[in-house]
Amino acid sequence: MIYSRVAGTGRYLPEKVITNFDLEKMVDTSDEWIRTRTGVERRHVAREDQAVSDLCMEAAKQAIDAAGVDVSEIDLVAVGTTTPDTFFPNVATLIQHRLGIPPCPALGMEAACTGFLYALSTADKFVRAGESKCALVVGAECLSRLVDWTDRNTCVLFGDGAGAVILKPSDEPGILSTHLGADGQYRDLLYYPAGPSKDLHKIGTPEAAIMMTGNEVFKVAVKTLGNVASEALDANGIDKSELDWLVPHQANIRIIQATAKRLDLPMEKVIQTVQDHGNTSAASVPMALDVGVRDGRIQRGQLVLMEAFGGGFTWGSALMRY
Ligand code: COA
């Protein structure tokens, strides 16, 4: 049996940092409110001249280096993002060319905060099917572009960044399983109201901004992420006590704590970046994975559960032996 295995990870955060104290000067909020309700202390924001593909490039180069592969070996690129440079070509195509990767399938996956797990799950299936021997999978976002920086309900939550992994085939696990889901009935709880085929002229103007009913999103996220974790463990006949690490979507520390509690996992076993990154949507999980790998906490062979939840709603998980 062929598994796909994470051979290397990388991340990139733009240099510009906006702290809660900076936000106190922009909207009617406080560091104390933001920290206690969300866990966020600071977030990184891309420069005007940086597009999502620029963020992806840096994260991808790190993952390629860490995996010890040459760009000529890469035969699949998958990028999860909701904030691409342009409507087309997709970001995967842009970075395929800029990195010097030979022509290959280049997949753009849009699933809001679950974008990376949608991309990872798809790439995993290519590798398992023998159709990819070296896949570059990226989650990246510039949500700062869509945020209304005068709306305290949302501007305190989000940040920009990119995370990447290289997947290679292996006889040993590897990714054990991935599980994806979506339910469009929740569309109105979290959405951006304009796009290329609807109210295009509103994009980037005060007429369109991220719309969120925060407390309702919170409730569905906690319930869904608990179920997502059980689904991944049950599918593999693995007990929650066997988990070494939870690498959760970093939307809100209270959502993360609720998922950890359901798994009886102490917070020491949870990779937490929400305080430094905010909610970076599709970039959140791969950046948190990279943090845990690079600081030496996540070791080869350990059992890692990644999960995410986002607008749609969409959700997903990947259980793997790192
Ligand atoms: N600073 C100060 N006060 C704020 C604020 C801010 N940045 N944002 C909202 N408030 C106020 C509200 O206006 C409201 O005031 P009111 O009672 O006078 O109307 C009050 O705080 C409580 O608002 P509420 O929305 O009920 O707070 P909450 O405890 O639910 O926390 C969130 C708000 C957004 C932090 C929380 O709901 C949340 O994290 N939800 C999930 C969001 C998420 O994860 N989205 C992405 C999913 S991928």
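Tutor: Begin with strands β1 and β7, which run antiparallel and are joined by nine bridges. Strands here are DSSP runs of E with at least two residues, helices are runs of H or I with at least four, and both are numbered from the N terminus. Two strands count as paired if DSSP finds at least two bridges between them. The model is predicted, so to speak of local features requires pLDDT of at least 70 and side-chain atom pairs count only at pLDDT 80 or more, while totals for chains, interfaces and linings use all residues. Residues are numbered from 1 along each chain as its sequence is written, and side-chain values use heavy atoms, with hydrogens and water left out.

Nine of the 11 residues of β7 are buried, and the strand is mostly covered. Buried means under 20% relative accessible area, exposed means over 50%, and partly exposed is in between, with a 1.4 Å probe and protein chains only.

From β6 (residues 135-142), five bridges lead on to β4, and these two strands run parallel. Leu136 in β6 is found opposite Val77. On to β5 (residues 106-109): β4 pairs with this strand over four bridges, also in the parallel sense. Two of the residue pairs in that pairing can be named: Ala78 has Leu107 in β5 as bridge partner, and Val79 has Gly108.

How enclosed is β4 (residues 76-80)? Five of its five residues are buried, so the strand is largely enclosed by the rest of the structure. In a regular strand the side chains alternate between the two faces of the sheet. For β4 both faces are covered: Leu76, Ala78 and Gly80 are buried on one side, and Val77 and Val79 on the other.

Now the helices packed around it. Axes are lines fitted to C-alpha atoms, for helices over the stretch in contact, and angles between N-to-C directions run from 0 to 180 degrees. Contact means heavy atoms within 4.5 Å.

α3 also packs against α4, at an angle of about 55° and with the axes 10 Å apart. The two helices are therefore oblique to each other; under 35 degrees counts as roughly parallel, over 145 as roughly antiparallel, 65 to 115 as roughly perpendicular, and the rest as oblique. The crossing of α3 past α4 is right-handed, that is, the near helix is turned clockwise from the far one by less than a right angle, anticlockwise being left-handed. On the α3 side the residues that meet α4 are Val52, Ser53, Asp54, Cys56, Met57, Ala60, Lys61 and Ile64. On the α4 side they are Val91, Leu94, Ile95, Arg98 and Leu99.

Thr114 sits in the loop between β5 and α5 (115-128). With a relative accessible area of 0%, Thr114 is buried. Apart from neighbours within four places in sequence, Thr114 is in contact with Ala308, Phe309, Gly310, Thr314, Trp315 and Gly316.
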